[in-house]
Amino acid sequence: MTKDELRKIYLQKRISLTELEYEQLNRSLSQHFFESVDLSPVNVIHVFLPLRKYKEPDTWLIIDRINEHFPHVRIALPRVNEQTQQLENYFFEGHEQLEVNKWGIPEPKYGVQTHPPDIDAVLVPLLAFDLSGNRVGYGKGFYDKLLSFCKPSCNRIGLSFFPPVAEAIVTNAYDQPLTAVITPGDVFNFH
């Protein structure tokens, strides 16, 4: 299957979730994240903010718990720079810092910029992934560009409600593989 075909199938699968299913999957995914990821060596974690209309994983559950229980971890949030077509990263200072962009995604309107080499872990949005750590996103390449500037030791963790696709996803030279994907019931480690 092509990336476009996978994109359509998995976006529809997510959108078709009932609100109850969506809430249950989010709770399980968040719980599994904290059971699976060692945050003790992490100083900075980049977290995408959920696009609710596409029922992306609710990363606020993860953000709130990090803020409450892991005060040594700083959270970086993305903002799209329309001129460069790249993500800029800003430390999360509070909800008043956020505004909704043209895609419906909350993003920081101001703040202290975070540089990609300083990021220890990135939570990466995805629609589908395979057993080699390749992912299908929305096709704009924002996260592939961001990950290319991160240090090699940076953990690249995808979040998915669904298991991996059986066949390998066709990649190109710009695609950045993940180091792990967490689902509500499993952890898939790569490399």
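Trainee: Where is the place of C154?

Mentor: C154 sits in the loop between α4 (142–149) and β10 (155–159), where helices (H or I, at least four residues) and strands (E, at least two) are DSSP runs numbered from the N terminus. This is a predicted model, in which local features need pLDDT of at least 70 and side-chain atom pairs count only at pLDDT 80 or more, while totals for chains, interfaces and linings use all residues. Residues are numbered from 1 along each chain as its sequence is written, and side-chain values use heavy atoms, with hydrogens and water left out.

Trainee: And is C154 buried or exposed?

Mentor: C154 counts as buried because its relative accessible area is 1%; buried means under 20% relative accessible area, exposed over 50%, and partly exposed in between, with a 1.4 Å probe and protein chains only.

Trainee: Which residues is C154 in contact with, leaving aside its neighbours within four places in sequence?

Mentor: With those neighbours set aside, C154 is in contact with I119, D120, A121, V122 and T179, contact being heavy atoms within 4.5 Å. As for D175, which is 21 residues from C154 along the chain, the C-alpha atoms of the two are separated by 16 Å.

Trainee: What does L123 touch, then, not counting residues up to four places away in sequence?

Mentor: L123 touches F33, I45, H46, V47, F48, I62, Y143, I157 and L159 on that count.

Trainee: Switching to loops, where is P57?

Mentor: P57 is placed in the loop between β1 and α3, and L51 lies in the loop between β1 (44–47) and α3 (60–69). P57 is buried because its relative accessible area is 4%, and L51 also counts as buried, because its relative accessibility is 5%.

Trainee: What about T183, buried or exposed?

Mentor: T183, found in the loop between β11 (180–182) and β12 (187–189), is buried because its relative accessible area is 6%. Apart from residues up to four places away in sequence, T183 touches L29, H32, F129, S160, F162 and F188.

Trainee: Zooming out, how many helices and strands does the protein have?

Mentor: There are four helices and 12 strands, and 51% of the 191 residues count as buried. Among contacts with a separation of 6 or more, 67% come from residues 24 or more positions apart.

Trainee: What radius of gyration does the protein have?

Mentor: The protein has 16 Å, which agrees with the value near 16 Å for a compact globule of 191 residues; the radius is taken over C-alpha atoms, and the globule rule is 2.2 Å times the number of residues to the power 0.38. Along the principal axes, the C-alpha atoms fill a box of roughly 40 × 35 × 35 Å.
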